[in-house]
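I opened the notebook on this model today.

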Amino acid sequence: MIISIASGKGGTGKTLVATSLALSLSENHRVQLLDCDVEEPNAHIFLKPIFDKRETASIPVPVVDEEKCTHCGECSRVCVYNALAVLKTAVMTFPELCHGCGACAYLCPEKAINEELRGIGVIEIGRSGSVDFVHGVLNVGEAMAPPVIRQVKKHIFSDGISIIDASPGTSCPVIEAVKGSDYCLLVTDPTPFGLNDLALAVEAVRSLQIPCGVIINRSDVNDSQIEAYCDRENIPMLMKIPLDIEIAKLYSRGIPLVLGISEWKDRFIDLFEDICACVKQEAI
Ligand code: SF4
Ligand code: SF4
């Protein structure tokens with residue numbers, strides 16, 4: 001079972017949910033947490049994993065053999081990312097714009113393009129208690145998060161429960177992180193911005209045909225707009241985490257909610273049962 005945790009905007013408490021869900025389920029299940037928020041991973045701050053393996057995250061970029069190149073311009077025409085410019089006597093490459101799709105090498109009529117790997121980040125693999133942990137870290141100044149996310153997701157278990165902490169928003173990195181999930185939890189807060197961005201996130205997740213449910217974090221007297229939206233859209237409201245000074249203090253000290261306030265463990269186990277019921281319902 002792959003459960004992704006996403007949100008339309010940052011600061012809603014995705015990581016709070018992801019880490020507490022992983023810890024709660026790890027007593028009785030094989031669980032891993034994959035932090036796919038590669039531009040700003042922070043689940044490790046809460047789970048404090050011990051890393052025992054490190055891999056370079058890389059993409060293949062073109063290297064032109066000028067001996068074979070006839071400067072026909074085909075590679076430049078096929079590259080939608082403008083990562084190649086063909087001049088009369090040379091081909092210029094811009095590796096930082098390259099997405100590593102391989103189209104230029106495949107279509108070069110002279111087979112003049114080879115590929116070399118360019119490191120854009122690292123993948124760290126380890127363990128926090130009984131939770132297996134993987135995260136990706138994009139190098140500073142790099143813009144290509146999806147290849148790093150794909151490399152993190154190569155570590156998904158073939159059995160057990162994999163929890164994916166996606167980046168905030170609804171752009172390519174979120175789609176890359178969430179796609180392939182059995183269920184997506186959308187964490188929001190009861191503000192007009194929260195509602196607006198939740199609606200965008202729902203649209204994105206539905207376009208991937210992934211069932212979703214909502215968690216309101218910092219729940220207070222203003223929940224009604226989010227509840228009305230979920231009713232209208234027939235989206236289950238799975239949990240509310242109250243606006244509470246103790247919860248905020250735990251978060252600010254990097255302590256997972258279920259370790260700071262143990263009653264929450266049962267609520268997260270119930271949450272998982274609700275998710276399983278929703279997934280079964282969708283499958284009928
Ligand atoms: S497609 Fe191949 S031969 Fe043509 S310009 Fe590019 S590298 Fe050179
Ligand atoms: S690999 Fe793809 S993105 Fe990179 S230069 Fe070639 S065509 Fe462009």
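Are helix 7 and helix 8 roughly parallel or roughly antiparallel to each other? I note first that this is a predicted model, where local features need pLDDT of at least 70, side-chain atom pairs count only at pLDDT 80 or more, and totals for chains, interfaces and linings use all residues. Residues are numbered from 1 along each chain as its sequence is written, and chains are lettered from A and ligands numbered from 1 in the order in which they are written.

**Entry: helices 7 and 8.** I looked up helix 7 (residues 192-207) and helix 8 (residues 224-233). Helices here are DSSP runs (H or I, at least four residues), numbered from the N terminus. Their axes come within 10 Å and cross at roughly 25 degrees. Axes are lines fitted to C-alpha atoms over the stretch in contact, and angles run from 0 to 180 degrees between N-to-C directions. Helix 7 and helix 8 are therefore roughly parallel to each other. The cut-offs are under 35 degrees for roughly parallel, over 145 for roughly antiparallel, 65 to 115 for roughly perpendicular, and oblique for the rest.

I then listed the contact (C-beta atoms, placed from the backbone, within 7 Å). G194, L195, L198, A199 and V202 of helix 7 meet Q225, I226, Y229 and E233 of helix 8. That contact has 6 nonpolar, 2 polar and 1 charged residues. Ala, Val, Leu, Ile, Met, Phe, Trp, Tyr, Cys and Pro count as nonpolar, Asp, Glu, Lys and Arg as charged, and the others, Gly among them, as polar.

**Entry: helices 1 and 11.** Helix 1 (residues 14-25) packs on helix 11 (residues 263-283) at about 90 degrees, axes 9 Å apart. The two are therefore roughly perpendicular. Helix 1 brings S20, L21, S24 and L25, and helix 11 brings residues including W264, F268 and F272.

**Entry: ligands.** I found 14 residues around ligand 1, with C69, C72, E74, C75 and C108 nearest. A residue counts if its C-beta atom, placed from the backbone, lies within 6 Å. Ligand 2 has 13 residues around it, and C79, A83, C98, C101 and C104 are the closest. No charged residue is in the ligand 2 shell.

Terms used: Two residues are in contact if their C-beta atoms, placed from the backbone, lie within 7 Å.
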